[in-house]
Structures are given as structure tokens and as C-alpha cells.
Amino acid sequence: MTVHVHAVQDYAALARSSLEPAVWEYLADGDNEDNVSALRACRLVPRPLRDMRGGNTRLTLFRQTLAHPVLLAPIAYQRLFHPDGEIASALAASAQGAPFLISSLASQPLEAIAGAANSEGAQGAWFQLYWQGERQRTLRLLKRAMRSGCSAVVFTVDAPVKIARFQLPKEVFAVNLENVEGQDEKDARPAGAGTVFNGWMAQAPTWDDLAWLRQQTPLPLLLKGLLHPDDADSAIAAGCDAIVVSNHGGRVLQGTPPSLHALQAIAKRVGGRIPVLLDSGVRTGRDVFVALAHGASAVLLGRPYVWGLAANGAMGVAHVIRLLRDELEMTMALTGCKHLKDIGLHCTSAIG
Ligand code: FNR
């Protein structure tokens with residue numbers, strides 16, 4: 001069968017046909033439509049006749065020079081989607097100059113994934129940290145990530161409680177955790193009123209734990225999963241180096257604002273003090289442009305690269321990133337933006 005892939009979305013159909021229905025459901029799960037449509041609804045204004053020679057998509061984040069502003073979001077248990085798992089995604093990310101965020105719930109050893117992510121000589125491996133119930137266990141995991149060559153830490157705080165509807169196969173699990181009971185995607189315990197506040201939430205991190213965590217690593221520390229400007233202020237006060245505005249792809253709390261809308265309020269409050277990144281709903285290079293126009297420095301891409309992974313392993317992931325890069329460049333060319341710093345709200349029809 002010949003399949004023509006012209007856009008990232010084409011990989012969704014390919015992934016769907018190559019995955020077990022339950023695995024596809026697990027990947028697709030979530031209330032993500034509003035994220036996608038908020039990005040798509042933004043109108044961009046063409047600016048023809050500008051000289052675009054010498055344009056590029058480069059940026060600097062935490063003293064790392066990146067070829068473009070698309071990073072791969074942490075996604076748990078990637079051996080569910082392809083036997084080569086996280087290592088395939090990390091290799092593709094490295095080949096395409098995209099930092100790869102290794103999930104705490106990765107299904108392969110983090111040293112091997114970090115090695116693949118760093119294989120093009122860049123510091124391409126970042127570590128996504130989930131709180132491990134208490135400080136010392138969290139610290140052991142963090143130190144392991146630091147030893148393995150991860151160059152930034154992304155602390156995800158928006159999923160302290162989550163009911164999983166999916167039963168992992170025996171051979172796929174969070175191999176890097178001491179306690180293999182994951183905190184996010186895997187936990188299949190039933191909801192019970194009494195267990196939430198004194199059970200799960202007693203194991204969840206607090207702002208005090210974040211202040212403690214800040215002291216434990218000299219690496220850039222990003223806080224992932226904020227939607228409220230007051231929390232952005234608290235993150236800055238705690239010494240975080242960046243914020244990832246995200247609603248976890250709509251997978252945790254139902255009915256949150258689209259991440260693009262939250263980004264506007266947070267970017268305004270942060271006012272350039274630290275970089276603000278966005279995820280949830282990015283599907284095209286045009287979406288990347290829209291996020292940047294609203295104040296993001298870069299975006300994290302989630303499900304779309306997993307579609308590529310499921311359809312065609314590392315090649316699929318690399319192609320997905322390439323498609324987004326090309327679409328971003330095209331959008332910049334059509335809107336007269338030679339560099340990322342030229343992208344702003346003035347490119348949208350909101351301001352005219
Ligand atoms: C996730 N996400 C996630 N986030 C995180 O911090 N740690 C994790 O282990 C996971 N695992 C995970 C598994 C799956 C199957 C999905 C779909 C998502 C959330 C992820 O990092 C990101 O926030 C969203 O996927 C972004 O939305 P899009 O790009 O998928 O729309």
C-alpha cells in the first residue's frame with residue numbers, strides 16, 4: 001500500500017491503523033479539541049515583498065542554541081507504540097535538532113535514551129521529573145538523570161492525581177522508577193473520595209518541595225503544567241528558569257482553558273522575566289508560529305511525534321519534526337518574519 005504523507009495529521013491515520021485499538025485510545029485520550037482549535041482560529045496577515053534572504057528559525061534557550069523552537073514533549077511508555085520506543089524518538093529528535101524530554105515514566109533506561117538524544121553532539125536530552133512521593137526518592141531519580149547527561153529538568157506538576165483507564169502490558173513499564181507504580185499515566189487505582197486528599201495528594205509535591213528541588217540542581221529548571229498567571233509568579237519566585245504553559249493535552253482536568261489562551265495571560269504577567277513555552281494542541285508549523293506570536297519562546301510537541309513513531313519508528317518521528325520546521329519557515333516567509341524575534345501579535349489580525 002502506498003501512503004502519501006503530506007502533513008503531520010496524515011500520520012494520525014497511519015498510527016491508528018498500526019496500533020491496537022486500546023493503545024490508540026490511550027494515546028488519543030483527553031479533551032484536546034479546544035487546544036487545537038484555539039491555535040487554528042488565530043488569523044495571520046500576509047506581508048509580501050520583503051527580502052527574506054538570511055532568515056532562520058534559530059533561538060537560544062538556557063545558553064543552548066537550537067535550530068528551531070520545536071521540542072519533543074515527555075510521553076510515557078513509548079514501547080507501547082513501537083518496539084524501539086523512546087530511543088527511536090530520541091535519535092530522531094537529535095537528528096532534527098530538537099531537544100528530547102525524557103519522561104519519568106519512560107519504558108527504556110534513561111542513560112540509553114539520553115545517549116541517543118545527545119548523539120549529534122548537542123545537549124539534546126532534558127529530563128521530565130515526576131515527584132516520587134517524597135524528597136529522597138525524587139532526588140535519587142534527579143541525580144540519575146543529571147549523571148546521564150540531561151541538560152535541563154522539566155518538573156511536571158499538573159498531574160498529581162489521574163485515573164488511568166488503560167492496563168499496560170506486562171513488558172512495558174516505568175523501568176527507571178524505584179517504585180514501578182507510576183504517578184500519572186499508569187496508575188489504575190479506582191477513585192475514592194477518602195483516598196484523594198490523604199492518599200494521593202499526601203504524596204504530591206507542594207510549593208515548598210519546589211523550593212527544595214530548586215536547591216538540588218544547577219540545571220535549568222522548568223515548571224510544566226501551569227495555566228494561572230499567579231502560579232507563574234510563584235514559579236519565578238521559586239527560582240524556576242522557565243514555565244511550560246500546558247494542560248497536559250487535555251488529559252487531566254476536564255474543561256480547562258485552551259493552552260493558547262492561558263499563554264496570553266501568563267506571557268503578559270511574566271513580561272519577559274523568564275521564557276514561557278507552550279504545549280497542547282500543536283499540530284502544524286503554523287501552530288508553532290501562532291504560539292510564538294502570543295509570547296511563547298518554543299513549543300513542545302506531544303501526540304503528533306508519537307503518530308510518527310507508531311507509523312514508522314525513528315524515520316516517522318524525524319519526518320514529523322521536519323514537516324513542522326518546514327511549515328514554520330513557510331509561515332514566517334509569508335508573514336514577512338525573517339527571525340523568530342520578528343514574530344508577534346502584530347502578525348495576527350487581532351491587531352491591525
Ligand atoms: C503525556 N504527557 C506527559 N507529560 C509529562 O509531563 N510526563 C509524561 O509522562 C507524560 N505522558 C504522556 C503520555 C501520553 C500518551 C500523552 C498523550 C501525553 C503530556 C505531554 O507531555 C504533553 O503535555 C501533551 O501531550 C501535549 O499535548 P499534544 O501535543 O499531545 O496535543
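Glu134 is partly exposed at 32% relative accessibility, where partly exposed is the class between buried, under 20% relative accessible area, and exposed, over 50%, with a 1.4 Å probe and protein chains only. Its partner Arg137 is also partly exposed, at 23%, and Glu134 and Arg137 form a salt bridge whose closest N and O atoms are 3.9 Å apart. By salt bridge I mean a side-chain nitrogen of Lys or Arg within 4 Å of a carboxyl oxygen of Asp or Glu.

Before I go on, please keep in mind that this is a predicted model, in which local features need pLDDT of at least 70 and side-chain atom pairs count only at pLDDT 80 or more, while totals for chains, interfaces and linings use all residues. Residues are numbered from 1 along each chain as its sequence is written, and side-chain values use heavy atoms, with hydrogens and water left out.

In general, side chains of opposite charge can pair when their charged atoms come close, and this structure holds 13 salt bridges.

Let us turn to Lys341 and Asp342, whose side chains meet in a salt bridge at 3.6 Å, N to O; Lys341 is exposed at 69% relative accessibility, whereas Asp342 is partly exposed at 25%. Elsewhere, salt bridges with shared partners join Asp230, Asp233, Arg269 and Arg273 into one network.

Within that group, the side chains of Asp233 and Arg269 meet at 2.6 Å, N to O. Asp233 lies in helix α9, residues 229-237, and Arg269 in helix α10, residues 259-270, so this pair ties together parts that are 36 residues apart in sequence; helices here are DSSP runs of H or I with at least four residues, numbered from the N terminus.

Technical notes
Helices (H or I, at least four residues) and strands (E, at least two) are DSSP runs, numbered from the N terminus.
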